[in-house]
Amino acid sequence: MDDYKRREFIKLSALGFVTIATQLNSISAYAQKANAHFGKWNEDTKLNWDAFLERLSQLAKTQHEVPWDQKQYTDQVRQLLLQCNFPAFENIKKEMDAYENKRPNWFESASLHYEMDFQVSLFQFEKGEYIPHHDHPNMTGVLNVVSGSLLAKNYNVEEQSSESREIKSGEKTFEVKKCILREVENEILKTGDVGLLTADEGNIHSIMPNEFTQMVDVFTPAYQYNTNANWYKVNEDGFYQGKEHLYEAEYSITRF
Ligand SMILES: [Fe+2]
């Protein structure tokens, strides 16, 4: 690069930087102006989408602290969600307006925001589009019902059995393992309600929408390509050994 070109390059880079910095400042100023400055926020402050994301990305950084207080984090996210009127947000309204029940007997989902530290998703269910028991390995989940209602049940693993068996399905072999689950939550979440799970409290859950239901969820950290959720078959016919809130369950892991 000759001197002239180098100088031009530096000049353009500096100009580019200033432009980006100015834009970032104005985005941040917009978010703050619309929602009051960080320091002045209180629980009644209404947030817009930009302010919500800005605050959430700050909070989500706490996951890198050792130890990470997930209970406190999920409570803070719950509070943020309660300060948002999601159906009025343009990006979410657009997704809601475009809703089509493409998958019979299964929910529809849309990504609203994704970064490694956290993701925000919209779930839309027809009545009865049940999500069976599954876990969220090493993640927290905060679910906000924005319309409709659902039955949410959450569980902890009470006891892991050493018993297992193999089953074959096509080319794959699965190892089926047994465990005992303890139901720790069984609640109807109505419009405006928020449900929580952390890596070690209520991490396994099932969801049954009682009517057409829309839900905004925050998962922390975000799903990665190697996130391997387990799906559980839970015997809900009766309590395990007659002990209240305990259920026998099986889940399978791919062996090879
Ligand atoms: Fe889930």
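This is a predicted model: local features need pLDDT of at least 70, side-chain atom pairs count only at pLDDT 80 or more; totals for chains, interfaces and linings use all residues.
Let me start with Val77, which counts as buried because it has 23 C-beta neighbours inside 10 Å; the cut-off for buried is 20 or more.

Val77 sits in helix α3. If we set aside residues within four places in sequence, Val77 is in contact with Leu56, Leu59, Val142 and Val218. As for Val142, it lies 65 residues from Val77 along the chain, yet the two C-alpha atoms are separated by 7.0 Å.

Next, the helix pair. Two packed helices are described by the angle between their axes and the distance between the axes. Here the pair is α2, residues 49-60, and α3, residues 70-82. They pack at an angle of about 175°, and their axes are 11 Å apart. That angle makes α2 roughly antiparallel to α3, since anything over 145 degrees counts as such.

Which residues in α2 and α3 meet? From α2 there are Phe52, Arg55, Leu56 and Leu59, and from α3 there are Tyr73, Gln76, Val77 and Leu80. Sorted by class, that contact has six nonpolar residues, one polar and one charged. Val77 is one of the α3 residues in it, and Leu56 and Leu59 were among the contacts I listed for Val77.

Now α2 by itself. The helix has twelve residues and reaches 16 Å from its first C-alpha to its last, close to the 16 Å expected at 1.5 Å a residue. Its buried residues are Ala51, Phe52, Arg55, Leu56 and Ala60. Looking down the axis of α2, these buried residues fall within an arc of 160°, so they line one face of the helix. As background, an α-helix has 3.6 residues a turn, so residues three or four places apart point the same way.

For contrast, a residue from a strand. Lys233 is in strand β10, residues 232-234. Is Lys233 buried or partly exposed? It counts as partly exposed, because it has 13 C-beta neighbours inside 10 Å. Not counting residues up to four places away in sequence, Lys233 touches Ala249 and Glu250.

Last, the whole protein. It has four helices and eleven strands. There are 256 residues, of which 25% count as buried. Taking contacts between residues at least 6 apart in sequence, 72% join residues at least 24 apart.

Terms used:
Residues are numbered from 1 along each chain as its sequence is written. Axes are lines fitted to C-alpha atoms, for helices over the stretch in contact, and angles run from 0 to 180 degrees between N-to-C directions. Helices (H or I, at least four residues) and strands (E, at least two) are DSSP runs, numbered from the N terminus. Angles under 35 degrees count as roughly parallel, over 145 as roughly antiparallel, 65 to 115 as roughly perpendicular and the rest as oblique. Two residues are in contact if their C-beta atoms, placed from the backbone, lie within 7 Å. Ala, Val, Leu, Ile, Met, Phe, Trp, Tyr, Cys and Pro count as nonpolar, Asp, Glu, Lys and Arg as charged, and the others, Gly among them, as polar. A residue is buried if 20 or more other C-beta atoms lie within 10 Å of its own, exposed if 12 or fewer, and partly exposed in between; C-beta atoms are placed from the backbone. The expected span of a helix is 1.5 Å times one less than its number of residues. The arc is that of the directions from the helix axis to the C-beta atoms.
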